[in-house]
Amino acid sequence: MLLDRPKEEIARDLAEQAAKFFGPERAAELEKEIDRVAGWLALIAPHRLDIDGDEPDFLVAPHADMEVQ
Amino acid sequence: MELHELSVAQAAELIRKREISPVDLVQTLLSRIEQLDGELKAWETVDAEGALTAARRCERMVGAAELPPLHGVPIGVKDIFYTAGLRTTCGSPNYRDFVPTFDATSVARLRRDGAVVLGKTVTVQFAHFDPPPTRNPWNHLRTPGGSSSGSAAAVAARMVPAALGSQTGGSVLRPAAYCGVVGLKPTYGRISRYGVIPNTWTLDHVGTLTRSVEDAAILLQSMAGYDPMDAASSRHPTSDYVAAARQKDRPPRLGFVVDEERRAQPEIAEHLKEMAALFESRGAEVREVRMPRPMSELLAIRGIMCEVEAADLHAHLLRERPEGYAPRIRELVEVGQLVPGVAYIHAQRLRRRLRPQMERMLDGLDCLLMPTASDVAPDPSTTGENWYQGVWSLFGFPSISIPSGLSRDRLPLAFQLVSLPFKEETLLSAAAWAEAVVGPMPSPV
C-alpha cells in the first residue's frame, strides 16, 4: 500500500484489507478505528527523511543515550 | 492525623520511630477499602492475608539497627505487574487465573525496601483504553482516567498512600490529573519493565501515583536503576531523587508551552495561564516555548507505533480467545495488523530525528509547563485522551502531573512539568517547589 496519499484513499485501502481478512461485516465495525489510523498515516507519510547513514539501534532503544543490551 | 491520611514519607518515619504499627496501618487501609471499594471499584484483588503477614514481619523488625526506606509502607500494584503468588489479570478474562511465580523487578525492589503489597489495582484491559469499572472518587459519574485507573482512584481515596502505574500514552499522568494526585512517569529505561505485561516495547514506562512529590521520589529511588532483564533498561547513573524533592526553595526556569492547536478546554487553558502567572509571581522564570512540530503529528507517530506493537503482541491470543478482549483493544489489534511495515519504520525514524528538536525546547530551562489533560475527567464512557501526555511517552522524557485545585464542577485540575531525559532530580525539585506554591489538595472522601 502506498502511503503518501490523502487520508481517504489510505482509509479505503485499509477497509478493503479489513474486509478481506475479517469479513465485510467486521470491516464495517472497524470503520472508526480505520479512519483514525488512516489519519495518522496521512500525517506521517509526507515527511521525507534523507538517507544519511544508518539509524543506530532505534528499534531496541529509541533514545540516543540508551545502551543496546 | 488519621492513619489513612499518612503519606509514604510520614508512614515510614512513624513506623521507624515506633509511633505507629505497620499492622495497624494495613488494617486501617483494609477497613477503608472495605468501606469504599464497593462503590469505587479500584481494586482487582485485595491481598489482606499476604499484607497482614508482611506487616507483622515488618513489626517484628522495628527496632533493628537500620530499616529500609519503605519499611512497613503499604502500596498498591497495577494489575499488569507480576506479583509472585498473587494473580495478575491484566483486566482480561484471558488472564483471570494467571498467578505469576515471580515479582516484576519494580515490585521486587519496592518489597526489598520494605513495602507491603496491599493488593492489585484495576487496570484498563491490557493497559489500553476500554473503560474500566472504577469510578472517580471526586464524582462517581466521571472516569478516573486510564489505564492506571484503580491506582489513581485508590491513592486519591486514601485507600493506600502510593501505587504503581504504567504509561504507554498517558496512563499514569492522566488518571493522576483526573483524580487529583501526583503522577510521575520517569525517563524511558529509568525503571525496569521486566515482569510488566507489555502494551508495546518502545513506549512503555513504569510510573507512580502518590499524594506528594516527595513520595514519588521515594518510590523512584527504590525502583530506578539498571536491570539486565529489560532490554531497554538504562545504565545511566541514578541520582538522589529524595534529596531533590526535598529541595523546594529554588524557583525553576519554566517554558510555558504555547497550545497552538488549542486542544485544552477554556477552563483548563485559563487555569494554566493562572498557574504560569502564579509561579512567575513567586520568582520562577517563565517564558513561552513552542513545540517543534504540531502535537497532532507527534501523536500520529506514537499512534502508529502503539497500534503496530500492540497488534503484534496480541494477534495470536486474539485469534485463539477473542472472547477475552474488550471492544476497543480488539479493534486496535485488528487494524494494527493492517498497517504496512514501512509505516512503522518511518514512525521510528521520525521519532529518532525529532528527538534533538524536542530537547532544544528545554534550552536554558529546567522544565516545560503545560496542561496534563485537555479537560477535567469526562464521563465514564471513555478514559480521556492522551493529547498532552502521549508526546512524552513517545520521546521518553520524564514528566509529572501535579494537582492544582478544583474546577467549577469540583473536579481536580492539574498541570504537567517535563524535563530532559535522566534529569529526574531537576523535575522533582521543580515539582516540589510548584507543589508548595500551589498548596495541598483536599481529600475527595
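A: Start with strand E2 of chain B, residues 74-78, and strand E3 of chain B. They are joined by 5 bridges and run parallel. Keep in mind that this is a predicted model. One pair to find is B:Val77, which stands opposite B:Lys120 in E3(B). How does the chain get from E2(B) to E3(B)? It crosses through helix H4 of chain B, residues 105-112. This β-α-β crossover is right-handed.

E3(B) also pairs with strand E1 of chain B, residues 43-46. Here 3 bridges do the joining, and the two strands run antiparallel. Look for B:Val46, whose bridge partner in E3(B) is B:Gly119.

Is E3(B) enclosed or open to the outside? Of its 6 residues, 6 are buried, so E3(B) is largely enclosed by the rest of the structure. Here is a general point to keep beside that. In a regular strand, side chains alternate between the two faces of the sheet.

Now step into the loop between E3(B), residues 116-121, and helix H5 of chain B, residues 149-156. B:Pro133 sits there. B:Pro133 is partly exposed, because 13 other C-beta atoms lie within 10 Å; a buried residue needs 20 or more, and an exposed one has 12 or fewer. What does B:Pro133 touch, if its neighbours within four places in sequence are left aside? Its contacts are B:Lys41 and B:Val122. For another proline, look at B:Pro22. B:Pro133 and B:Pro22 are 111 residues apart in sequence. In space they are 30 Å apart, C-alpha to C-alpha.

Next, some helices of chain B. Take H1(B), residues 8-16. Its buried residues are B:Val8, B:Ala9, B:Ala11, B:Ala12 and B:Ile15. Seen down the axis of H1(B), these buried residues fall within an arc of 170 degrees, so they line one face of the helix. They pack against helix H2 (22-40), strand E4 (162-167), strand E6 (205-210) and H7 of chain B. Just after H1(B) comes B:Arg18, with a positive phi of about 60 degrees.

Move on to H9(B). It has 16 residues, which should span 22 Å at 1.5 Å a residue. Its end C-alpha atoms are 22 Å apart, which agrees. Which residues of H9(B) are buried? They are B:Ile268, B:His271, B:Leu272, B:Met275 and B:Phe279. They cover an arc of only 100 degrees around the axis, so they sit on the same side of H9(B). Turn to the face away from that buried side. The exposed residues there are B:Pro266, B:Glu270, B:Lys273, B:Ala277 and B:Ser281. The buried residues of H9(B) pack against several elements of chain B, among them strand E7 (253-257), strand E8 (285-289) and H14. Just after H9(B), B:Gly283 takes a positive phi of about 110 degrees.

Follow that packing to H14(B), residues 424-438. This helix has 15 residues and reaches 20 Å from its first C-alpha to its last. That is close to the 21 Å expected. Of its 15 residues, 12 are buried, so H14(B) is largely enclosed by the rest of the structure. Among the buried ones are B:Leu427, B:Leu428 and B:Trp433. The partners they and the other buried residues of H14(B) pack against include helix H7 (213-223), helix H8 (241-246) and helix H9 (266-281) of chain B. After H14(B) comes B:Gly439, whose phi is positive, near 95 degrees.

Last, look across to chain A. Its secondary structure comes to 3 helices and 0 strands. Along the sequence, the pattern is α-α-α. Chain A has 69 residues, and 28% of them count as buried. How do the chains meet? 36 residues of chain B are in contact with 29 residues of chain A. Helices H10 (295-320), H11 (327-336) and H12 (341-360) of chain B each supply at least two residues of the side of chain B that touches chain A. H12(B) gives the most, with 11 residues. The residues of this side of chain B divide into 17 nonpolar, 9 polar and 10 charged.

Key: Residues are numbered from 1 along each chain as its sequence is written. Chains are lettered from A and ligands numbered from 1 in the order in which they are written. This is a predicted model: local features need pLDDT of at least 70, side-chain atom pairs count only at pLDDT 80 or more; totals for chains, interfaces and linings use all residues. Two residues are in contact if their C-beta atoms, placed from the backbone, lie within 7 Å. Helices (H or I, at least four residues) and strands (E, at least two) are DSSP runs, numbered from the N terminus. Ala, Val, Leu, Ile, Met, Phe, Trp, Tyr, Cys and Pro count as nonpolar, Asp, Glu, Lys and Arg as charged, and the others, Gly among them, as polar. The expected span of a helix is 1.5 Å times one less than its number of residues. The arc is that of the directions from the helix axis to the C-beta atoms. Two strands pair if DSSP finds at least two bridges between them. A crossover is right-handed if, with the strands pointing away from the viewer, the path from the first strand over the helix to the second runs clockwise.
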